[in-house]
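Visitor: I have a structure open and would like a guided tour in numbers. Could you take me through it?

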Amino acid sequence: MKTNVCEILGVDVPILAFTHCRDVVAAVTKAGGFGVLGAAGHTPEQLDVDLKWITDEVAGKPFGVDIIVPAKYEGSDEGGKSAADLRAMIPQGHRDFLENMMDRYGVPEMPKSDGLNVMGGDGEPPMTYSQAVPLMDVAFSHPIKLIVNALGPPPPDMIARAHEQGILVGALAGKKSHAVRHVAAGVDIIIAQGHEAGGHTGEIGTMVLVPEIVDAVHPIPVLAAGGIGTGRQVAASLALGAQGVWCGSVWLTTLEAETHPAVKDKFLAATSSDTLRSRSRTGKPARQLRSAWTDEWEGADSPGTLPMPLQPMLISEASRRVDRAALNGENVGAVKLSNYFVGQIVGQMNESISATRVVENMISEYVDVMDRLESLNDQ
Ligand SMILES: Cc1cc2nc3c(=O)[nH]c(=O)nc-3n(C[C@H](O)[C@H](O)[C@H](O)COP(=O)(O)O)c2cc1C
């Protein structure tokens with residue numbers, strides 16, 4: 001499984017893990033792959049703590065950070081709006097719909113002492129350039145090997161700062177045109193992410209997207225993403241011309257993952273038909289588990305979703321209320337609503353094992369596949 005990407009990133013196997021959980025980052029890097037910490041929901045302070053912890057844990061082995069700076073969001077054309085201005089744009093009808101949903105499902109309010117989180121607080125609005133700048137400052141103060149951006153080309157200062165420090169830059173692409181634009185902007189590694197993927201995703205399946213992007217950006221290395229969680233899928237990705245894989249969903253049911261327990265149980269029981277793309281969490285289409293939450297937003301009484309970042313600002317507190325109430329599994333309404341981003345690979349995530357085992361299983365199944373394919377030549 002040695003590809004040029006192994007050389008560029010300094011890893012044994014070209015298996016990259018996108019995860020919000022620092023333990024998964026460290027486990028995958030220590031297993032010979034490459035962990036990338038998703039930092040979009042971190043405060044700069046939390047990110048600093050997590051990156052220090054990972055640096056100590058991996059003892060010189062490589063890891064990266066992923067930050068979302070979307071190309072387009074409400075207010076982006078005017079150089080960004082303040083959190084207060086954005087909050088004032090959220091229609092009362094949407095607030096009423098959400099509060100009514102919380103009532104109907106019996107989800108209690110947060111205790112007053114709990115304060116507000118990043119998404120709904122008085123800090124920078126979520127998923128905007130102004131939120132990303134302090135995160136970038138922290139990321140660049142740690143020994144990261146790769147910084148990745150989603151939902152558009154990385155901003156010029158991300159690329160310039162990374163390259164000054166010898167850090168590679170990656171970007172997610174859901175279409176050939178995205179990949180070509182990223183390369184023109186100076187991106188070093190393209191992540192071709194197909195429709196099957198968890199999180200924000202486009203309309204083209206991984207099987208079609210990967211070879212299309214590989215051919216369009218050659219010799220820039222491409223990682224395949226979307227629907228990859230087993231050695232067979234790794235082998236298929238390399239056959240399509242990718243130099244490695246970038247997996248997100250498969251870590252969510254690992255022992256290390258901090259996935260909400262009610263959601264983890266749902267993931268373990270879900271089939272590959274149980275996800276959909278919905279704007280109900282972020283305002284842009286993102287694949288997630290179907291639940292009462294996504295059904296409500298698609299129902300006849302729904303006012304429709306708001307654009308990014310208004311939708312995450314609107315739902316921030318409600319979604320924390322749901323998570324809190326669903327914690328011990330007794331609040332049936334909250335458990336019905338609970339969901340999270342996950343891809344179609346959820347149908348193959350049927351047991352909770354360690355992230356290290358996931359990597360080991362991928363490698364051993366990959367070796368078996370290659371033997372099987374080789375044996376076809378002898379027939
Ligand atoms: C829970 C979750 C959150 C995600 N958040 C981000 C993110 O913040 N930034 C990003 O670049 N990609 C994000 N993604 C997409 C992943 O980086 C990755 O491309 C995707 O998970 C690959 O497809 P898979 O889910 O089939 O493995 C997320 C995916 C999941 C499952």
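Visitor: How many salt bridges does the rule count?

Guide: Happy to start there: this is a predicted model, in which local features need pLDDT of at least 70, side-chain atom pairs count only at pLDDT 80 or more, and totals for chains, interfaces and linings use all residues. Side-chain values use heavy atoms, with hydrogens and water left out, and residues are numbered from 1 along each chain as its sequence is written. A salt bridge here is a side-chain nitrogen of Lys or Arg within 4 Å of a carboxyl oxygen of Asp or Glu. By this rule the count comes to eleven.

Visitor: Which parts does the salt bridge of Glu57 and Lys30 tie together, and how far apart in sequence are they?

Guide: The closest N and O atoms of Glu57 and Lys30 are 3.1 Å apart. Helices (H or I, at least four residues) and strands (E, at least two) are DSSP runs, numbered from the N terminus. Glu57 lies in helix H3 (residues 44-58) and Lys30 in helix H2 (residues 22-30), so the pair ties together parts that are 27 residues apart.

Visitor: How is the chain divided, and how far apart are the C-alpha centres of the domains?

Guide: The bounds come from an automatic or database domain assignment. Domain 1 takes in 4-75 + 125-251 + 349-376, while domain 2 takes in 82-123 + 259-337. Their C-alpha centres lie apart by 26 Å.

Visitor: How much area do domain 1 and domain 2 bury between them?

Guide: Buried area is the accessible area (1.4 Å probe) that two parts lose on being put together, summed over both. Contact, meaning heavy atoms within 4.5 Å, links 25 residues of domain 1 with 23 residues of domain 2. Carbon and sulfur atoms carry 63% of the buried area, whose total is about 1900 Å².

Visitor: Which three residues supply more of the area that domain 1 buries against domain 2 than any other three?

Guide: Together they supply 32% of the area that domain 1 buries against domain 2. The three are Glu74, Pro125 and Pro126.

Visitor: How many residue pairs are in polar contact between domain 1 and domain 2?

Guide: A polar contact is a pair of N or O atoms within 3.5 Å; within protein, one must be able to donate a hydrogen and the other to accept it, and residues adjacent in sequence count only if both atoms are side-chain atoms. Across this interface the rule also finds one salt bridge. With both residues at pLDDT 80 or more, the number of pairs in polar contact is eleven.

Visitor: What is the bridge partner of Gly199 in S11?

Guide: S7 and S11 (residues 286-289) pair in the antiparallel sense over two bridges. The partner of Gly199 is Arg287.

Note on methods
Two strands pair if DSSP finds at least two bridges between them.
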